[in-house]
Amino acid sequence: AAVQPHKGLDRLLAAIARARGATGALDFTLDVVGAGAAGSYARRVRQQIAALDLGARVHFHGLLRGAPLHALFRRNQIFALPSDREAYSLACLEALGHGLPVLATSNGGLGEMISDGEQGFLIDPADADAWAARLVDLAADRERLRTMSRAALARYRDHGPGVVCAIA
């Protein structure tokens, strides 16, 4: 997603920091894809990353398409979109097509794409504790992560042939 305030990267970073504090050693890499990694919000996010000591774990890729984007989807295990509100996210649909459980905002229309607790979780964007808890849950329960991954692929396939999403 674009690195802009309404996309909630700052909230996700806060949740990751809480999750690391809860587990003592949450091992993760956060790949941030999207345009707009400039300006005052981007500076605040970079300061937050430094203050939370997450610099070695957070990677900004800018806008990606095609093979580089699909390679990034394939190497990750969870897709997170903590936006203020989302209608119908093509990025979430692509994540499902790569078998990624989706952690996304409960505000908006993503409930039509994701059944909470099945292909991922729909979470209040302002509830950092809930975001952190879901991250900890999935890091600790690898079988649940696999089950959600299979459900994500099944949901993607349920969208049928009308879906325009190439998986390379």
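Biologist: How much space lies in the largest pocket?

Modeller: Rolling a probe the size of a water molecule over the atoms shows where empty space is left. On a 1 Å grid over the protein atoms alone, a pocket is an open set of points with protein on both sides within 12 Å along at least five of seven lines, and lining residues have an atom within 4 Å of a point. Grid points are joined across faces, edges and corners, and a volume is the space filled by probe spheres set on the points. Here the largest pocket holds about 1200 Å³. This is a predicted model, in which local features need pLDDT of at least 70 and side-chain atom pairs pLDDT 80 or more, while totals for chains, interfaces and linings use all residues. Residues are numbered from 1 along each chain as its sequence is written, and side-chain values use heavy atoms, without hydrogens and water.

Biologist: Which residues are the closest to the centre of the largest pocket?

Modeller: They are Leu 30, Asp 31, Ile 78, Phe 79 and Ala 80, out of 42 lining residues. For classes, Ala, Val, Leu, Ile, Met, Phe, Trp, Tyr, Cys and Pro count as nonpolar, Asp, Glu, Lys and Arg as charged, and the others, Gly among them, as polar. The lining has 28 nonpolar, six polar and eight charged residues. Helices (H or I, at least four residues) and strands (E, at least two) are DSSP runs, numbered from the N terminus. Elements that each supply at least two lining residues include strand E1 (30-33), strand E3 (79-81), H5 and H6.

Biologist: At what angle do the axes of H5 and H6 cross?

Modeller: Axes are lines fitted to C-alpha atoms, for helices over the stretch in contact, and angles run from 0 to 180 degrees between N-to-C directions. Helix H5 (residues 128-140) and helix H6 (residues 142-158) cross at roughly 100 degrees, and their axes come within 5 Å. H5 is therefore roughly perpendicular to H6, a label for 65 to 115 degrees. Contact means heavy atoms within 4.5 Å; Leu 138, Ala 139 and Ala 140 in H5 meet Arg 142, Arg 144, Leu 145 and Met 148 in H6. These residues comprise five nonpolar, no polar and two charged.

Biologist: In what order do the strands of the open sheet lie?

Modeller: Two strands pair if DSSP finds at least two bridges between them. The three strands are ordered E3-E4-E5, with parallel pairing. E3 and strand E5 (120-123) are the edge strands, each pairing on one side only. The twist from one strand to the next averages 10 degrees. H5 packs on this sheet and touches E3, E4 and E5, its direction making about 175 degrees with that of E4.

Key. Angles under 35 degrees count as roughly parallel, over 145 as roughly antiparallel, 65 to 115 as roughly perpendicular and the rest as oblique. On a 1 Å grid over the protein atoms alone, a cavity is a set of points where a 1.4 Å probe fits but cannot get out, and a pocket is an open set with protein on both sides within 12 Å along at least five of seven lines; lining residues have an atom within 4 Å of a point.
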